[in-house]
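Please read it alongside the sequence and the structure shown here.

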Amino acid sequence: MDAMIVDTPIVDPSVRRNVRDVHGIKDRIQRAKYFQAYLDKQWEIFDPPRDGIPFRWDEVSVELATDIEAAEFKADAATQKRNESATNFWT
């Protein structure tokens with residue numbers, strides 16, 4: 001997702017402001033959430049017939065949300081572990 005964000009044209013200026021160049025993992029996760037919400041909205045506008053096309057963004061979006069949640073959990077766990085290690089280093 002992170003690599004795809006930079007190559008996808010975003011036509012909504014308010015979304016484009018939030019989907020900017022970032023470096024930290026927490027910022028990348030937040031950017032992915034913004035981007036997913038944007039794609040969800042675009043899919044609703046597109047509103048294809050259920051049996052009209054083989055691709056279903058709404059189904060992919062559910063899987064993506066699970067992946068983003070897992071990445072966020074792992075990033076939080078790594079941050080906590082780093083903080084604990086730094087605190088315990090001097091004790």
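The 13 positive and 17 negative charges of the protein have mean positions that lie 6 Å apart. The model is predicted, and the values below are computed from its atoms. By the distance rule applied here, a side-chain nitrogen of Lys or Arg within 4 Å of a carboxyl oxygen of Asp or Glu, the count of salt bridges comes to 6.

**Overall form**

- The protein has 4 helices and 0 strands, and from the N terminus on its elements run in the order α-α-α-α.
- The radius of gyration of the protein is 17 Å, whereas the globule rule gives 12 Å for 91 residues, so the protein is more spread out than a compact globule.
- Taken along the principal axes, the box that the C-alpha atoms of the protein fill is roughly 65 × 25 × 15 Å.

**Surface and contacts**

- The protein exposes about 6900 Å², and carbon and sulfur atoms supply 57% of that area.
- Of the 91 residues of the protein, 23% count as buried.
- Among the contacts between residues at least 6 apart in sequence, 53% join residues that are at least 24 apart.

- Because Asp 76 lies in helix α4 (residues 57-89) and Lys 26 in helix α3 (residues 25-46), the pair ties together parts that are 50 residues apart in sequence.
- Asp 76 counts as partly exposed because its relative accessibility is 36%, and Lys 26, at 38% relative accessibility, likewise counts as partly exposed.
- Glu 72 forms a salt bridge with Lys 33, with 3.0 Å between the closest N and O atoms. This pair, too, links distant parts of the chain, since Glu 72 is in helix α4 and Lys 33 is in helix α3, 39 residues apart.
- With a relative accessible area of 24%, Glu 72 is partly exposed, and Lys 33 is also partly exposed, its relative accessible area being 29%.

**Other salt bridges**

- The side chains of Asp 58 and Arg 56 meet in a salt bridge, with a distance of 3.3 Å from N to O.
- Asp 2, Arg 28 and Arg 31 are linked with one another in a network of salt bridges.

- Gln 36 lies in helix α3, and it is buried, because its relative accessible area is 10% and the class of buried residues covers values under 20%.
- Leaving aside residues up to four places away in sequence, Gln 36 touches Trp 57, Ser 61, Leu 64, Ala 65 and Ile 68.
- Helix α4 covers residues 57-89, and the residues that Gln 36 touches include Trp 57 and Ile 68.

Notes: Residues are numbered from 1 along each chain as its sequence is written. This is a predicted model: local features need pLDDT of at least 70, side-chain atom pairs count only at pLDDT 80 or more; totals for chains, interfaces and linings use all residues. Side-chain values use heavy atoms; hydrogens and water are left out. Helices (H or I, at least four residues) and strands (E, at least two) are DSSP runs, numbered from the N terminus. Buried means under 20% relative accessible area, exposed over 50%, partly exposed in between (1.4 Å probe, protein chains only). Contact means heavy atoms within 4.5 Å. The radius of gyration is taken over C-alpha atoms; the globule rule is 2.2 Å times the number of residues to the power 0.38. Accessible areas come from the Shrake-Rupley method with a 1.4 Å probe; for residues, only the protein chains shown count as cover. Lys and Arg count as positive and Asp and Glu as negative; His and the chain ends are not counted. The place of a charge is taken as NZ of Lys, CZ of Arg, CG of Asp or CD of Glu.
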